[in-house]
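Let's take a walk through a protein structure together.

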Amino acid sequence: MSLGKAEVEYISRLTQIEVREEAVEGVAQKLSNILDLFAQMEAADTQDVLPMAHPLDAVQRLRPDVVTEVDQHEKLQAIAPAAAEAHYLVPQVIE
Amino acid sequence: MHNLTIKQMSEKLHAGDITSVQLTQHYLDRIAQFDGELNAYVTVTPELAIQMAEEADQRLASGDAELLTGIPVAHKDIFCTDGVKTSCGSKMLDNFIAPYDAHVVTQLKKVGMPILGKTNMDEFAMGSSSESSYYGATKNPWDHQAVPGGSSGGAAAVIAAGLAPLATGTDTGGSIRQPASFCGITGIKPTYGVVSRFGIIAYASSFDQAGPMTRSAEDSAWLLNAMAGFDARDSTSLEREKIDYTAALGHSLKGLKVGVPAEYFGEGLDAEVEAVVKNAIAEVEKLGAEIVEIHLPNKDLAVPSYYVLAPAEASSNLSRFDGVRFGYRCEQPKDLTDLYKRSRSEGFGEEVKRRIMVGAYALSAGYYDEYYLKAQKLRRMVRDDFIKAFQSCDVIMGPVAPTSAFNIGEKSDDQVSMYLSDLYTIPVNLGGLPALSVPAGFAQNRPVGLHIVGPYFSEAQLLNIGHQFQQVTDWHTKTPAQYQ
């Protein structure tokens, strides 16, 4: 399968990863090579096979509904690129 | 000192022949001498190591010490380590000082193991050569032209070169076993859920599993004892009774049924590697094992299935890196979208971006059934092959990788060729099974491992088979000439 410019732009939007105009062709080619590998799956007959999401046949463990997390915002925000007054700072979104 | 087994080191520490500070300093000196050329550590932590060694010496003196107390360890730079840079081999986390410890790090701290530093790796564990690290490629101690394997290539290199006695690694598609094979060391990927994933930077959560990387199988058993165990903070951590992985060391292999998959010795397997693996299996047979031919008919479906599923999980896991709460942020973003897009584009390397993009595409509307769902069905078929095979054998033996270590730069432009080199390790991760790589010889003067795969929770048995093999062979004691 061969990806074109439109698909690369779509994937770029989905992943919030910028692909510069001059790089689109190269990215399309490398992603297409990987999709060719995926195409090998088509030949397998999977009609009666259940999908397997996880190696363990386990159920979600539940815990008592009690507070386990303490407030650590000072420690955790100390490594943020920009934070002030217990908030993370980002460029203005609402005018 | 660095050629002793872990048990011998421990005996010397307990007898007072050496102190943990002396032992730790010995490794720090070797790191200072040799790591400039190998590039196996991203961060070395000498002050932390000596401080922890002093604490360990106090415990040894007071009689409150365990077998591993005072023995230093190197952590793969994927394990969050409180107060220490945890980069995951990425520019994205070059400025990330972890605010907490991974469960594995906590466990080894409790035992009193000084931390030498953090080892180099493929960026976000996505790779089979350790070339994609933001900090540059790690070299193979056996041959500086060669890659050490990946993604835990730094960990394998520090063990092979004697720059740490023990190391931790993680294995999502072969990232413990393939570098172990390429560097001539021992590494085990336990059953999924045996070691907590808490604090391990996530790549593909339904595959990621941590394990020991050491000189010998016996050393791995001791380290796994400390790493394994239930942790409520990982929702897939298994609640099981505490296992002593050294308990089975010493069991005879008489009557052990070893399955050898006919499909693993076909086209694409290097002739010298094949000879090494077959000789190793013959050695196991001499120890009393019975060799039976088995079949894993769906093995060729494993690689495409994995490279749909793991990137799909990665595309979700790595969405957290957005330049807002921690990690890299681009300069002067003009709006929020620009902040996200440029932080991610500039912070991630090429292979990581590629896998995120492929994974997001496989999950996107219109392609979910064709790629993701299909790959999940193949995952079951590959897993069921193993379950069926284990009805006629106790363990499966074969190659870890189709070749010995390839040259640095040889495959870096051909992703699909790199992906296909994981064909023997990936099926094990799809099934969540345990598997071991032990040094078994050399091909093209580079190390080759024997791959031993077992049923769920057979770690103790696998380690004993490795141990018995290492009682009658000396591949695991060999050291590259310049690092003796």
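Predicted model: local features only at pLDDT ≥ 70, side-chain atom pairs only at ≥ 80, totals over all residues.

For chain B, the mean pLDDT is 97, and 100% of its residues reach 70 or more.

Now look at how the two chains meet. Chain A brings 36 residues into contact with 54 residues of chain B. On the chain A side, two or more residues each come from helix 1 (5–15), helix 2 (24–38) and helix 3 (73–77). Helix 2 of chain A gives the largest share of that side, with six residues. Sorted by class, the side of chain A that touches chain B has 24 nonpolar, seven polar and five charged residues.

Next, follow chain B on its own. Chain B is divided into domain 1 (6–253) and domain 2 (300–378). The C-alpha centres of these two domains of chain B are 27 Å apart. Where they touch, domain 1 of chain B supplies 21 residues and domain 2 of chain B supplies 17 residues. The domain 1 side of this contact in chain B is made up of ten nonpolar, eight polar and three charged residues.

With the domains in place, we can look at helices. Two packed helices are described by the angle between their axes and the distance between the axes. How do helix 9 and helix 12 of chain B pack? Helix 9 (residues 302–317) of chain B and helix 12 (residues 368–389) of chain B have axes 9 Å apart, at an angle of about 125 degrees. The two helices of chain B are therefore oblique to each other, and helix 9 of chain B passes helix 12 of chain B in a left-handed crossing. Among the residues that meet here are B:V308 and B:A312 in helix 9 of chain B, and B:Y371 and B:Y372 in helix 12 of chain B. By class, this contact of helix 9 with helix 12 in chain B has nine nonpolar, two polar and one charged residues.

Helix 9 of chain B also packs against helix 11 (residues 350–363) of chain B, where the axes come within 7 Å and cross at roughly 100 degrees. That angle makes helix 9 of chain B roughly perpendicular to helix 11 of chain B. B:V308 and B:A312 take part here too, and their partners in helix 11 of chain B include B:I356 and B:A360.

A third pair gives another arrangement to look at. Helix 7 (residues 217–227) of chain B and helix 15 (residues 459–472) of chain B pack at about 155 degrees, with their axes 8 Å apart. This makes helix 7 of chain B roughly antiparallel to helix 15 of chain B. The contact of these two helices of chain B divides into four nonpolar, four polar and two charged residues.

Finally, zoom in on two backbone details. Most residues other than glycine have a negative phi, and most peptide bonds are trans. In chain B, however, a cis peptide bond joins B:G150 and B:S151, with omega about 10 degrees. You will find B:S151 in the loop between strand 3 (115–119) and helix 5 (153–160) of chain B. In chain A, A:E85 has a positive phi near 50 degrees, and A:E85 sits in the loop between strand 1 (83–84) and strand 2 (87–88) of chain A.

Definitions and conventions: Residues numbered from 1 in each chain as written. Chains lettered and ligands numbered in written order. Domains from an automatic or database assignment. Contact = placed C-beta atoms within 7 Å. Nonpolar A, V, L, I, M, F, W, Y, C, P; charged D, E, K, R; others polar. Axes fitted to C-alpha atoms, helices over the stretch in contact; angles between N-to-C directions. Helix = DSSP H or I, 4+ residues; strand = E, 2+ residues; numbered from the N terminus. Parallel < 35°, antiparallel > 145°, perpendicular 65-115°, else oblique. Left-handed = near helix turned anticlockwise from the far one by under 90°. pLDDT = per-residue confidence, 0-100.
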